[in-house]
Protein chains: 2
Amino acid sequence: MTNSQFNLSINSNRLLDRLQELGQMGVDNDKKRTRLAASDTDKAGRDLLVIWMKEAGLEVEIDRIGNILGVWYGAENRKKAPLLLGSHIDTVINAGMYDGCYGVLAGLEVITTLKEKGFMPTRPIAVAAFTNEEGVRYQPDMMGSLVYAGGLSVDDALSAIGTDGTRLGKELERIGYAGTKEPGFLKPHVYIELHIEQGPILDKLGVPIGAVENLQGITWQRITIEGVANHAGTTPTEMRRDAGLAAARVITYLRDRANNSNGSTVATVGTIDFKPNAVNVIPSMATFTVDLRNPNEQRLQEEEQALAGYLKELAASEGVSITSEQLVRFNPVTFDQTIVKLIEQVASDHGLQSTRMTSVAGHDAQMIARICPTAMIFVPSIDGISHNPKEYTKDLDLILGANVLLNVVSQLTGK
Amino acid sequence: MTNSQFNLSINSNRLLDRLQELGQMGVDNDKKRTRLAASDTDKAGRDLLVIWMKEAGLEVEIDRIGNILGVWYGAENRKKAPLLLGSHIDTVINAGMYDGCYGVLAGLEVITTLKEKGFMPTRPIAVAAFTNEEGVRYQPDMMGSLVYAGGLSVDDALSAIGTDGTRLGKELERIGYAGTKEPGFLKPHVYIELHIEQGPILDKLGVPIGAVENLQGITWQRITIEGVANHAGTTPTEMRRDAGLAAARVITYLRDRANNSNGSTVATVGTIDFKPNAVNVIPSMATFTVDLRNPNEQRLQEEEQALAGYLKELAASEGVSITSEQLVRFNPVTFDQTIVKLIEQVASDHGLQSTRMTSVAGHDAQMIARICPTAMIFVPSIDGISHNPKEYTKDLDLILGANVLLNVVSQLTGK
């Protein structure tokens, strides 16, 4: 039933089996799955992927930042810019099985299916696994695709020092994935990334396909507030210059603004540190991070400006000094309307509901959008859970998403 | 001038010199002064004090918790309950020179002066240096006086494990201060503690003597908030169960209540920890401490109840679960009105301004108040700074405070 309704349909069992098999790479004795970029477990996943790409008859290329590209060249299309599919196979710590891997393996499955059916694409079709999308071990995240799109120099990226003190370039050499191709060596004609939503919307709506039309902008800041350490008992409230209190005021301020944004802004303070961090000493210093997102660049800038203004007021009212440092800044991305419409059309042609939506997570697609028309397809994540072993998408939804991708690709590369 | 105005006056130079000399004990190569309870540097300070007590002709007794008592028995008063003076000589890390030491050395100076002047007290006069008032290495603070007053068993106190993994009982043995006397072996008739204010009030008012009429109650709680870790980008604001935000709301709530308390309540959140503490993950857990103080037991209870009620509301409104654990609870203490009035009277008789005040720091006096009429005398701390190398009280104020103590003691023990 799930395949028969499609003009073309993938080999469901092969896709599901491979997701399971790749999902076993990097599972430790406590059953926790971790494949940090350029680690031994990442190598195990990469090796498996390369074997499958070769089995499918793809030309496998590794670039200097370790991105793996499997390219299907047809007899007469070698000189054309390829249609590129892909995502990543690195994971966070104690990850789920679907984030990234689904897009890479579905891309491979789409190509394999088209080959098997004797499809004759007008241009090469390739699938990429980009290095270090998660950014857990090395910063910034989405690194491989950012480098591929020319947004960060290869050498700067290779020099990144990891949370474990290692250098990315050395680690890529060590695991055998420091390739020779210059990142960006294949300029895509179009890039399409299939991904689990990692959010609750499709699951809540009961809609199987998300036609992702844009992607939130992200800004990360580290904010440091300096007050004065003093005795918790003997310092009258009005004389306090409490860095911790000021930090708490920023956190509640950000939530109040998010509440008033009609759902378009989300703000997260995920890390915090007080000094001296003693029960009976007023904090002299509070350091915390702010993760702010909005799909509209102007509104994101308004959020940043509002925060900056609030910090200024707060410094005056609480007698503290405040500095902030930009850690990450990615502009919102608008995806290609033609491809987004095609995704909706293909879903509709096959009797599937779809909804236009905003990606509120970062993805490799936002980087590749710098160099070619790009879009994304989302499938539901149960309860929106991701970056967690409980991350789950039903088999049926995985298959429907891959079949939509297959038919979108065949339309974009058919004669 | 500073002595001549008093009926009786201490030997100023001896007191000031001894403060300097004791202040040199435990000063490291970086010039930081640290004498944590039962450490080698604490031993150095104790040894010096014992020498001086013996020079003054006092009988030196060490009890099982390491409290040092120097007792001046007169020919005919041995069976009477002693008037007890004292404080502590252990310090925080990187401490000032006055906190605690001033009360002990001024007590010794008062006794020495009275002896030298041929004063014949109606009851013994003793001076105590209580073990581990600061509570930096071993918890709880004010331990020696708490044990002396029967508020904590000796064996429980000796079993305390320090921040460095040591056991207090073993460390007292090691430094030679595990005495044989049962704590509380001398039941005081009256206890008077002279101390630097460690707060800004006397310095701001320009008043040399504080007649301390009561002492704030203190409650320490550790609060743990459990929410749900989730993706900072994909989780809509209304679906978040953000433990960090809930913690921030508690911090601002406590400040708002303190602001509305007319200065009687102070609240401090000095420590905080988020888990998993990642920039782009909503905190699943926030742990922090609350230090709440009020000089009135009923109002302190009201603060505790208000906080508990707020935590309940917050758990419901933010979808988090909250637990709290009591770490420390000391009731407010009301000092003996007769002694407080006598302190005021003695100051006034000698042309000194005094003000009644509340101690907002904890002191050994709050423990000893459980077993006898008690009061405290404060002298100014410049800018209220304490627990800091910048802690400073002018020599003149040190001398005036000791002379007020001397004359209070002579009135309480004169014929």
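# Sites and helices in a predicted model

Student: How far apart do the end C-alpha atoms of residues 216-316 of chain A lie?

Tutor: This span is 37% helix and 31% strand, where helices (H or I, at least four residues) and strands (E, at least two) are DSSP runs numbered from the N terminus. UniProt lists residues 216-316 of chain A as "domain: Peptidase M20 dimerisation" in an unreviewed entry; its positions follow the numbering used here, feature names are shortened, and annotations may be inferred rather than shown by experiment. From end to end, the C-alpha distance is 32 Å.

Student: What pLDDT do local features need in this predicted model?

Tutor: Residues are numbered from 1 along each chain as its sequence is written, chains are lettered from A and ligands numbered from 1 in the order in which they are written, and side-chain values use heavy atoms, with hydrogens and water left out. In this predicted model, totals for chains, interfaces and linings use all residues, side-chain atom pairs count only at pLDDT 80 or more, and local features need pLDDT of at least 70.

Student: Which residues of the set His88(A), Asp99(A) and His195(A) does the lining of the largest cavity take in?

Tutor: UniProt also lists His88(A), Asp99(A) and His195(A) as "binding site" in an unreviewed entry. They are spread over 108 residues of sequence but cluster in space, the largest C-alpha distance being 10.0 Å. A cavity is a set of points, on a 1 Å grid over the protein atoms alone, where a 1.4 Å probe fits but cannot get out, and lining residues have an atom within 4 Å of a point. From this set, the lining of the largest cavity takes in His88(A), Asp99(A) and His195(A).

Student: Is Asp99(A) buried or exposed?

Tutor: Asp99(A) lies in the loop between strand E3 (83-87) and helix H3 (101-116) of chain A. Under 20% relative accessible area a residue is buried, over 50% exposed, and in between partly exposed (1.4 Å probe, protein chains only). With 7% relative accessibility, Asp99(A) counts as buried.

Student: What is the length of the polar contact between the side chains of Asp99(A) and His195(A)?

Tutor: A polar contact is a pair of N or O atoms within 3.5 Å; within protein, one must be able to donate a hydrogen and the other to accept it, and residues adjacent in sequence count only if both atoms are side-chain atoms. The side chain of Asp99(A) makes such contacts with His88(A) at 3.2 Å and with His387(A) at 3.1 Å. His195(A), in strand E5 of chain A, is buried at 1% relative accessibility. Its polar contact with Asp99(A), side chain to side chain, is 3.0 Å.

Student: Which residue of chain B does His387(A) touch?

Tutor: His387(A) is found in the loop between E16 and H12 of chain A and counts as partly exposed at 23% relative accessibility. Contact means heavy atoms within 4.5 Å. Not counting residues up to four places away in sequence, His387(A) touches Val92(A), Asn94(A), Asp99(A), Glu134(A), Gln198(A) and, from chain B, His231(B).

Student: Within what arc do the buried residues of H10(A) fall?

Tutor: Helix H10 (residues 337-349) of chain A has 13 residues and reaches 18 Å, close to the 18 Å expected, that is, 1.5 Å times one less than its number of residues. Its buried residues are Ile339(A), Val340(A), Leu342(A), Ile343(A), Val346(A) and Ala347(A). The arc is that of the directions from the helix axis to the C-beta atoms. Down the axis of H10(A), the buried residues line one face because they fall within 160 degrees.

Student: With which side chain does the side chain of Ser87(B) make a polar contact?

Tutor: Ser87(B) lies in strand E3 (residues 83-87) of chain B and counts as buried at 0% relative accessibility. A polar atom of its side chain lies 3.5 Å from the backbone oxygen of Gly100(B). The side-chain partner, at 2.8 Å, is Glu193(B).

Terms used
On a 1 Å grid over the protein atoms alone, a cavity is a set of points where a 1.4 Å probe fits but cannot get out, and a pocket is an open set with protein on both sides within 12 Å along at least five of seven lines; lining residues have an atom within 4 Å of a point.
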